[in-house]
Amino acid sequence: EGKVNGLMAVALDVTEQVTARRKIEESSEELQLAIEVANLGTFRLDILRNQAAYSQRIMEWFGFSEQGVSLDVFASFIHPEDRNKLLQALEQSYRSEEKSQHDVVYRVVHPDTGVMRFLHSFGRTYFTQDGNPYLLVGMIQDVTPQILWQQRQKENETELQKRVSERTLELENLNHELKRTNANLEEFAYAASHDMKEPIRKIHLFTDRLKQELSDKLSKEQ
């Protein structure tokens with residue numbers, strides 16, 4: 001007759017699901033905060049399709065305008081001197097679970113601005129049950145300030161060692177010159193002493209003769 005004469009309801013306790021979802025959200029927020037603080041970028045490479053997805057930060061570093069860039073295109077942005085090092089590290093991670101992690105530092109030059117960065121890439125390759133690699137997940141960190149600081153420290157140490165070496169050589173030369181001068185002085189002193197012996201001896205002889213010849217004519221005062 002269209003009249004409500006009862007109500008049936010079913011209640012489910014979803015506390016665990018809600019709590020778990022909140023923990024996941026909190027963990028995700030903490031991870032995102034850590035990524036921002038550490039100046040990190042994230043990436044996922046579908047090895048089978050050879051397509052990758054990058055965070056906005058990585059796209060800005062490399063100058064990418066769209067997602068899905070292949071590994072070959074990605075590698076073309078790496079500094080020529082570092083390209084093989086990166087590719088070999090990734091290839092090594094494709095071989096087995098035991099060697100699935102990669103950790104490598106390389107340089108990237110932005111195609112538009114020309115800004116060069118030192119990037120630290122680290123991640124892990126995942127395998128199917130058959131043992132074939134299918135996914136590469138990792139993070140990239142801009143370590144340019146640290147690398148430049150290390151280079152400056154190394155340059156300062158090299159410059160300091162150079163100055164120390166130059167000063168040491170200078171002191172050695174001065175020491176050699178001092179020894180040579182001392183040797184010359186000793187030689188001069190010996191020669192002067194030898195040359196003066198005879199005149200002094202003659203003076204003594206002449207004085208003794210005068211004493212003998214004039215002893216009766218000279219007083220004590222004279």
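**From a surface patch to an inner cavity**

Val 14 counts as partly exposed because its relative accessibility is 41%, where partly exposed covers the range between buried (under 20% relative accessible area) and exposed (over 50%), computed with a 1.4 Å probe and protein chains only. The model is a predicted one, in which local features need pLDDT of at least 70 and side-chain atom pairs count only at pLDDT 80 or more, while totals for chains, interfaces and linings use all residues. Residues are numbered from 1 along each chain as its sequence is written, and side-chain values use heavy atoms, with hydrogens and water left out.

Val 14 sits in the segment before helix 1 (15-37), helices being DSSP runs of H or I with at least four residues and strands runs of E with at least two, numbered from the N terminus. Together with Val 10 and Leu 12, Val 14 forms a nonpolar patch on the surface, with about 340 Å² of accessible area in total.

The aromatic residues come next. The structure holds 7 aromatic pairs, a pair being two rings of Phe, Tyr or Trp (its six-membered ring) with centres within 6.5 Å, called stacked if the planes are under 30 degrees apart, edge-to-face if over 60, and tilted otherwise. One of these pairs joins Phe 62 and Phe 77 edge-to-face, at 6.4 Å centre to centre and with 65 degrees between the planes. Phe 62 belongs to helix 2 (residues 56-62) and Phe 77 to the loop between helix 3 (71-76) and helix 4 (80-93), so this contact ties together parts that are 15 residues apart in sequence. Phe 62 is buried, with a relative accessible area of 0%, whereas Phe 77, at 21%, counts as partly exposed. Phe 77 also pairs edge-to-face with Phe 64, at 5.0 Å centre to centre and 90 degrees between the planes. Because Phe 64 lies in the loop between helix 2 and helix 3, this pair ties together parts that are 13 residues apart in sequence. Phe 64 is buried, at 11% relative accessible area. Phe 62, Phe 64 and Phe 77 form one aromatic cluster with Tyr 54 and Phe 74.

A search of the whole structure finds 1 cavity of 30 Å³ or more, a cavity being a set of points on a 1 Å grid over the protein atoms alone where a 1.4 Å probe fits but cannot get out. The largest cavity has a volume of about 110 Å³, and of the 13 residues that line this cavity, Phe 43, Leu 71, Phe 74, Leu 90 and Leu 136 are the closest to its centre. Lining residues have an atom within 4 Å of a point.

How values were computed. Patches are made of residues with over 30% relative accessible area and no salt bridge: like charges are joined within 9 Å, nonpolar side chains (Val, Leu, Ile, Met, Phe, Trp, Tyr) within 5 Å. Accessible areas come from the Shrake-Rupley method with a 1.4 Å probe; for residues, only the protein chains shown count as cover. A salt bridge is a side-chain nitrogen of Lys or Arg within 4 Å of a carboxyl oxygen of Asp or Glu. On a 1 Å grid over the protein atoms alone, a cavity is a set of points where a 1.4 Å probe fits but cannot get out, and a pocket is an open set with protein on both sides within 12 Å along at least five of seven lines; lining residues have an atom within 4 Å of a point. Grid points are joined across faces, edges and corners, and a volume is the space filled by probe spheres set on the points.
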